[in-house]
Amino acid sequence: MFSCFKGLNAFLYQIGLGLVLLAIALNASSDVLHLGNDGEPSTLDPHRYNLRLEETLLNDLFMGLTTFTAAGQIAPGAAESWTQSEDGKTWTFKLRTDGRWSDGEPVTASDFVYSMRRLLTPSTAASLAYFLYMIENAEAINRGELPPEALGVTAEDPLTLRIRLAYPYPYLLERLLYPTAFPVPRHVIERVGKAWTKAEHWVSNGAYKLAEWRPQAYVEMVANPFFHAPAPIKTVRHHALASEQSGYNRFRSGELAAIPSFPASELTNMQQDRPKELRLAPLLSIMYLVFNTQKPPFHDPRVRKALGLVIQQQTITQRVLRNGSQPSLSITPSLIRDYQPVPLPHADLSQANRVGKARDLLAQAGYNQDHPLRVTLKHVNSLEGKKINLAIAAMWRQLGVETTLAQSELRAHFADLRQGSFEVAWAGWVGENNPEHYLSLLRSDIGNVNYGRYRNSAFDDRMAAARRQADATSRGELLRQAEQIMVADYPVVPLYMLASRRLVNASLQGWQDNVRNMHQSRYLFWSDAP
Amino acid sequence: MMMAVTLLAIITLVFGMLRLAPGGPFDGERDLPPEIEANLKAAYHLDEPIVSQYFRYLGNLIQGDLGPSFRHQDFRVNELIAAGLPTSALLGTLSLLLALSLGLSLGVFGGMNPGSTLDNALMGFANLSIAAPTIITAPLMVLVFSIFLSWFPAGGDGGLMHYILPSMALALPFAGAIARLVRAGVIECRLEPYIVTARAKGLPERRIVYRHILPIAILPVLSFLGPMAAALLTGSIVIEQVFDLPGIGRYFVQAALNRDYTLVMGMVLVYSTLIVLFNFLVDLAYAWLDPRLKGA
């Protein structure tokens, strides 16, 4: 019996050894960078994209007028320089003289004119077309009220592009980083139509071009031979991961060189075991609670303030979530460049004072032990969502508030929020590096993305004044005034800013953490040491 | 004919149920301006009345076109299923073979030696493999065989090696179930008079097992095999999720969550066609194995 097992062991060992050798042989034969991506892209058409995981791929495939460095800073892309008119409404871009499509054709200003018109043409059905609504006539074109030719984008000569805006927009260079502003190959689209996103027809102007796309498996790209700065790594395969866990497994078994996230429960392990590979970085984002300000009793600012006062952001991030998220007391993330966010008015109060004050406010609003406030708190049905919900319900319980928890699937949750069918709900926003992007969520004319239907004309006035201001500093000052007015009303309670948690192979160089949490493969290279 | 009617009923039912589900294919975390939502709906004909949408779908279906996917915008549903089905089918075939060979050998052995120590051990193993859900065993196998031992890849599709762990994980509970069914059948059959007769005639044991016992003992497995084969071949949601396999199993859940109407319809069609087909094949196999059913 014993010897039988010994034989079996040796046999299994040999199989194992054989497989290991086979795996090594397979790996050595290919010079492919294997990266994990958050899932399957919906499209590789930059004008139809919608998701961050698509943005990752499109950043490798295309080059907009501006681009970003490995550290996430804005840098010249297809344009080598630009100027802005005095009133901030006309921008002139000089394109690179050596800009080429991956089939060798030159990239011209009229390619950009064609592309931006295409984005805004109603039949393109671009869900993010509003990203470029600041361009003259863009919104009317997208509504079908004006022809695409009316767009304020013109080619002065093959290498000069002029963009006229409907109103001053100092954040234009940042907005141009998004794939909605990427050029698409007119000469291919006019020939093959919708099939242009298939690998056999693919032409793009970025560091890489599409080689193969296997749905649910991977998107493989190879270096664009005509790109002005050849990428060190010639072939990149972005694997569509089904879950955080499978990506984490495949990273640990050495199949993937980098993954976009891993289960939060493994964070402590990674901090101990793989500190060199762990990339924990704050992310430009804000998670918050929103009150339905049209629905009693939440139309009463005293009730909103009382509930906001007793929420302990620090406890939520440090004790409940423990996933690297940072507490936030302002709706504008503190990571935003050149802006000083306005925290909630109670930020300086001690915990005991906050509870006392909250009790007083609730009493004034007519709620006490005999007549307790009843709240339904809505959240997306995730593990994290449930944890936060329970923590917040416990914080409110000390005021005698009775909380009912309600969870629904992501889409249904946001559909409810837009329709205003909620009392208090969790919401989140991952966005741009400017305060206006976040504060706009509370403008009364912004539509149903102002989930709580918050309305304050003083706030709206300052926001509108800011929109007319071309100078970034004075614009920032007006935005700060608007934020000051808004926080006193407690339409929302900021909770925390997300953190990105990635794992990156220690030998993969050129990877820099940044608040955009976006990375381009062309900056990556393998270090010589094995 | 019967099959076509069944399928039409299924299509109509699913089509109606999908439209009743809250939310739509273009709902996301961000809100769409109304004009953009209108543009999107027009592009997918969702602005038409539901009845004309239904007939448009049926019309395309008759021409073999399952329509464009809402979520996977650069692919048609036909392309998605064509790309994913081979993966799911390979995984399913391997698991089916594994489950059958393992289940049959364990079942016959146990049935011929009921009550022996090895039988008890094997049946314990069979029960355990049925009881342990794949959502537990699959990650465990990854941990042991991919991460600690590095024998097999942890996920993705890069050739046959990538299918070994997933098909083992998928086959185990089926193998256990088959083993139990076969064992019970063999035990029951072993004492039948015609077996006693065969033995009395001096037939070799091997011939008795393969020619006389197995064809009858396997009948309960057969009725189980139809739905099982359909389930295995159309992919396993759990296994494809754990091992990152690009099959069609994952579409079942994802497409429903994304309200990807056309993809859900396509998946339901593939699945129900296979079920109807396999049940038919099982009926044929019954008649072939048990001559008594031929007249029926």
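Biologist: Is Phe252(B) buried, partly exposed or exposed?

Modeller: This is a predicted model, and the label follows from relative accessible area: under 20% is buried, over 50% is exposed, and partly exposed is in between. Phe252(B) has 25% relative accessibility, so Phe252(B) counts as partly exposed. Tyr271(B), with a relative accessible area of 28%, is partly exposed too.

Biologist: How is a pair of aromatic rings described?

Modeller: By the distance of the centres and the angle of the planes. The structure holds 23 aromatic pairs over all chains. Phe62(A) and Trp202(A) make an edge-to-face pair, 5.5 Å centre to centre with 65° between the planes. Phe62(A) sits in the loop between helix H2 (52-61) and strand E2 (66-68) of chain A, while Trp202(A) sits in the loop between helix H6 (186-192) and strand E8 (208-214) of chain A, so the pair links parts of the chain that are 140 residues apart.

Biologist: Are these two rings, Phe62(A) and Trp202(A), buried or exposed?

Modeller: Phe62(A) counts as buried because its relative accessibility is 1%. Trp202(A), at 6%, counts as buried as well. Ring pairs also join Phe62(A) and Trp202(A) with Phe182(A) and Trp196(A) in a cluster.

Biologist: And how are the rings of Phe252(B) and Tyr271(B) arranged?

Modeller: Their centres are 5.6 Å apart and their planes stand at 85°, so this pair is edge-to-face. Phe252(B) belongs to helix H12 (residues 249-257) of chain B and Tyr271(B) to helix H13 (residues 261-289) of chain B, so the pair ties together parts 19 residues apart in sequence.

Biologist: Next, the nonpolar core. How many residues does the largest one have?

Modeller: The largest nonpolar core has 216 residues, and those with the most contacts inside it include Leu65(A), Phe93(A) and Met116(A). Helix H7 (residues 161-190) of chain B gives the largest share, 12 residues. A second, separate core has 10 residues, among them Tyr248(A) and Phe262(A). Leaving out residues up to four places away in sequence, the residues that Leu65(A) touches include Trp82(A), Phe93(A), Phe112(A) and Met116(A).

Biologist: Now a sheet. In what order do the four strands of the open sheet in chain A come?

Modeller: The order is E4-E5-E7-E6 (chain A), with antiparallel pairing. Strand E4 (79-84) and strand E6 (153-157) of chain A are at the edges; each has a single partner strand, so one side of each is left without a neighbour in the sheet. On average, neighbouring strands in this sheet are turned by 25° against each other, direction ignored. Strand E5 (residues 90-95) and strand E7 (residues 160-164) of chain A are joined by five bridges, and Thr92(A) has Arg162(A) in E7(A) as its bridge partner.

Biologist: Which helix packs on this sheet?

Modeller: Helix H3 (residues 109-120) of chain A, which touches E5, E6 and E7 of chain A. The direction of helix H3 makes about 170° with that of E6(A).

Conventions:
Residues are numbered from 1 along each chain as its sequence is written. Chains are lettered from A and ligands numbered from 1 in the order in which they are written. This is a predicted model: local features need pLDDT of at least 70, side-chain atom pairs count only at pLDDT 80 or more; totals for chains, interfaces and linings use all residues. Side-chain values use heavy atoms; hydrogens and water are left out. A nonpolar core is a set of buried Ala, Val, Leu, Ile, Met, Phe, Trp, Tyr and Cys residues joined through side-chain atoms within 4.5 Å. Buried means under 20% relative accessible area, exposed over 50%, partly exposed in between (1.4 Å probe, protein chains only). Helices (H or I, at least four residues) and strands (E, at least two) are DSSP runs, numbered from the N terminus. Contact means heavy atoms within 4.5 Å. Two strands pair if DSSP finds at least two bridges between them. Axes are lines fitted to C-alpha atoms, for helices over the stretch in contact, and angles run from 0 to 180 degrees between N-to-C directions. Rings of Phe, Tyr and Trp (its six-membered ring) pair if their centres lie within 6.5 Å; planes under 30 degrees apart count as stacked, over 60 as edge-to-face and the rest as tilted.
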